[in-house]
Amino acid sequence: MTKAKSASIAPDLDTPTDLPQQSVDKISAALNTLLADAFALYLKTKNFHWHISGRHFRDYHLMLDEQSDQIFATTDALAERVRKVGGVTLRSIGHIAKLQTIQDNNEDYVPPREMLRELMNDNKKMAAAMRKAHKIVDECDDAASAGLLENFIDETEKRTWFLFEASRQEGANEE
């Protein structure tokens with residue numbers, strides 16, 4: 001063992017790091033919550049992709065497919081970052097459900113504009129959570145996690161912008 005670790009880390013998973021255990025715990029908690037939210041947002045985006053309807057079907061269907069792929073691409077990077085700093089990451093759907101802050105949508109039917117608005121708000125929430133996590137990793141002198149989050153914040157803001165524009169009423173610029 002490279003340093004004093006919490007009892008929940010198996011010796012074979014004791015990744016060497018120069019970060020103090022307190023920093024590892026803070027970083028892991030922040031990134032694992034983002035990871036749970038990324039899985040929740042991915043599945044919600046895919047759900048809406050599968051169930052979108054209406055006259056803009058093709059455009060929305062393709063946009064949501066692209067966005068879900070982008071969200072899913074963040075999951076491996078977040079999980080691997082947790083492991084690189086010496087933490088442990090999510091192990092199950094149940095674990096995701098315990099940590100996620102993005103709410104599921106299990107409705108039988110959601111109108112297309114409401115889908116886009118809900119995803120827009122979820123992406124805004126995700127960007128805010130990433131900024132909060134960025135502050136934590138900055139305090140822990142974890143520049144690599146900060147850099148990763150900076151790229152993900154930019155991608156999340158772009159998704160928010162696209163969802164906003166796609167969900168606007170004709171000629172309107174309302175919230």
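Reader: Which residues does glutamine 67 touch, not counting residues up to four places away in sequence?

Author: This is a predicted model, in which local features need pLDDT of at least 70, side-chain atom pairs count only at pLDDT 80 or more, and totals for chains, interfaces and linings use all residues. Residues are numbered from 1 along each chain as its sequence is written, and side-chain values use heavy atoms, with hydrogens and water left out. Contact means heavy atoms within 4.5 Å. With residues up to four places away in sequence not counted, glutamine 67 touches Thr45, Arg159, Phe162 and Leu163.

Reader: Is glutamine 67 buried or exposed?

Author: Buried means under 20% relative accessible area, exposed over 50%, and partly exposed in between, with a 1.4 Å probe and protein chains only. Glutamine 67 has its place in helix H2. At a relative accessibility of 5%, glutamine 67 counts as buried.

Reader: What is the order of elements from the N terminus on?

Author: Helices (H or I, at least four residues) and strands (E, at least two) are DSSP runs, numbered from the N terminus. The secondary structure of the chain comes to five helices and zero strands. From the N terminus on, the order is α-α-α-α-α.

Reader: How many Å apart are the end C-alpha atoms of helix H5?

Author: The expected span of a helix is 1.5 Å times one less than its number of residues. Helix H5 has 25 residues (residues 143–167), so it should span 36 Å. The distance between its end C-alpha atoms agrees with this, at 36 Å.

Reader: Which helices do the buried residues of H5 pack against?

Author: The buried residues of H5 include Ser145, Leu149, Phe152, Thr156, Arg159 and Leu163. An α-helix has 3.6 residues a turn, so residues three or four places apart point the same way. The buried residues of H5 pack against H1 (21–51), H2 (57–84) and H4 (112–139).

Reader: Are H2 and H5 roughly parallel or roughly antiparallel to each other?

Author: Axes are lines fitted to C-alpha atoms, for helices over the stretch in contact, and angles run from 0 to 180 degrees between N-to-C directions. Angles under 35 degrees count as roughly parallel, over 145 as roughly antiparallel, 65 to 115 as roughly perpendicular and the rest as oblique. The axes of H2 and H5 come within 11 Å and cross at roughly 165°. H2 and H5 are therefore roughly antiparallel.

Reader: What is the handedness of the crossing of H2 and H5: left-handed or right-handed?

Author: A crossing is left-handed if the near helix is turned anticlockwise from the far one by less than a right angle, and right-handed if clockwise. Among the residues that meet here are Gln67 and Ile71 in H2, and Phe152 and Arg159 in H5. The crossing of H2 and H5 is left-handed.

Reader: Which residues of H5 make the contact with H1?

Author: H1 and H5 pack with their axes 13 Å apart, at an angle of about 25°. They are therefore roughly parallel to each other. On the H1 side the contact is made by Ile27, Leu31, Leu34 and Leu41, and on the H5 side by Ser145, Leu149 and Arg159.

Reader: Are H4 and H5 roughly parallel or roughly antiparallel to each other?

Author: The axes of H4 and H5 are 8 Å apart, and the two helices pack at an angle of about 160°. H4 passes H5 in a left-handed crossing. H4 and H5 are therefore roughly antiparallel.

Reader: Which residues is threonine 156 in contact with, leaving aside its neighbours within four places in sequence?

Author: Threonine 156 has its place in helix H5. The residue is buried, with a relative accessible area of 1%. Leaving aside its neighbours within four places in sequence, threonine 156 is in contact with Asn123, Met126, Ala127 and Met130.

Reader: What distance lies between the C-alpha atoms of lysine 158 and asparagine 123?

Author: Lysine 158 lies in helix H5 and counts as partly exposed, at 47% relative accessibility. Lysine 158 and asparagine 123 are 35 residues apart along the chain. Their C-alpha atoms are separated by 9.3 Å.

Reader: What is the phi of aspartate 141 near?

Author: Aspartate 141 is found in the loop between H4 and H5, and at 69% relative accessibility it counts as exposed. Most residues other than glycine have a negative phi. Aspartate 141 is a residue other than glycine with a positive phi, near 55°.
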